[in-house]
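Welcome! Take a moment to turn the model around on your screen, and then let us walk through it together.

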Amino acid sequence: MISAPDINMGIDSLDFDTIFVTTQLSKTIIIKNNGVIPLDINLSSNSYVFSISDNTMSIDQGDEDTLTVTFIPDNEATFEGKITLSTNDPDTPNDSIYLK
């Protein structure tokens, strides 16, 4: 057995449906560490209408944490974005969550 973190999110996208301009809608993602050492994550969003609650996370072995994603459209349009995760998980050093 290799001592390593192991990220588990269970999703690869979030759909925010339709909301009114300048209102906000938040959704959460539970990120788990199924590994045997702490999981370190750096996060970023590539779209100004999607904000994230944390830019970094550290999750102990066997534990979980919640990431909140907030969508605030500023005009009537279809928006898409992506959250990029860089981790110390050797199996998943980079991952993405697609937003629409």
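Four strands come together in an open sheet with the order 1-3-7-5, and their pairing is antiparallel. Because strand 1 (7–8) and strand 5 (50–52) stand at the edges with a single partner strand each, one side of each is left without a neighbour in the sheet. Strands here are DSSP runs of E with at least two residues, helices are runs of H or I with at least four residues, and both are numbered from the N terminus. Two strands count as paired if DSSP finds at least two bridges between them.

A word on the source: this is a predicted model, in which local features need pLDDT of at least 70 and side-chain atom pairs count only at pLDDT 80 or more, while totals for chains, interfaces and linings use all residues. Residues are numbered from 1 along each chain as its sequence is written, and side-chain values use heavy atoms, with hydrogens and water left out.

The chain has zero helices and nine strands. A second open sheet takes five of these strands in the order 2-9-8-4-6, with mixed pairing. Strand 2 (13–14) and strand 6 (56–59) are its edge strands, and each pairs on one side only.

| Strand pair | Bridges | Partner residues |
|---|---|---|
| Strand 3 (residues 25–33) and strand 7 (residues 64–71), antiparallel | Eight bridges | Thr28 and Thr68 |
| Strand 8 (residues 81–87) and strand 9 (residues 94–99), antiparallel | Six bridges | Thr84 and Ser96 |
| Strand 4 and strand 6, antiparallel | Four bridges | Asp40 and Ser58 |

Buried means under 20% relative accessible area, exposed means over 50%, and partly exposed lies in between (1.4 Å probe, protein chains only). In a regular strand the side chains alternate between the two faces of the sheet.

Which residues touch the most other members of the largest nonpolar core? They are Ile31, Ile41, Leu67, Val69, Ile83 and Leu85, in a core of 22 residues. Strand 3, strand 4 (39–45), strand 5, strand 6, strand 7, strand 8 and strand 9 each supply at least two residues of this core. Such a core is a set of buried Ala, Val, Leu, Ile, Met, Phe, Trp, Tyr and Cys residues joined through side-chain atoms within 4.5 Å. Beyond its neighbours within four places in sequence, Ile31 is in contact (heavy atoms within 4.5 Å) with residues including Ile7, Ile41, Met57, Ile59, Leu67 and Leu85.

Now find Ser96, which lies in strand 9. Is Ser96 buried or exposed? Ser96 is buried, because its relative accessible area is 16%. The C-alpha atoms of Ser96 and Asp12 are separated by 6.6 Å, although the two residues are 84 residues apart along the chain. Ser96 is also in contact with Asp12, and with Lys82, Ile83 and Leu85, leaving aside its neighbours within four places in sequence.

Finally, step back to the whole chain. Its C-alpha atoms fill a box of roughly 50 × 20 × 20 Å along the principal axes. Buried residues make up 33% of the 100 residues. Of the contacts between residues at least 6 apart in sequence, 62% join residues at least 24 apart.
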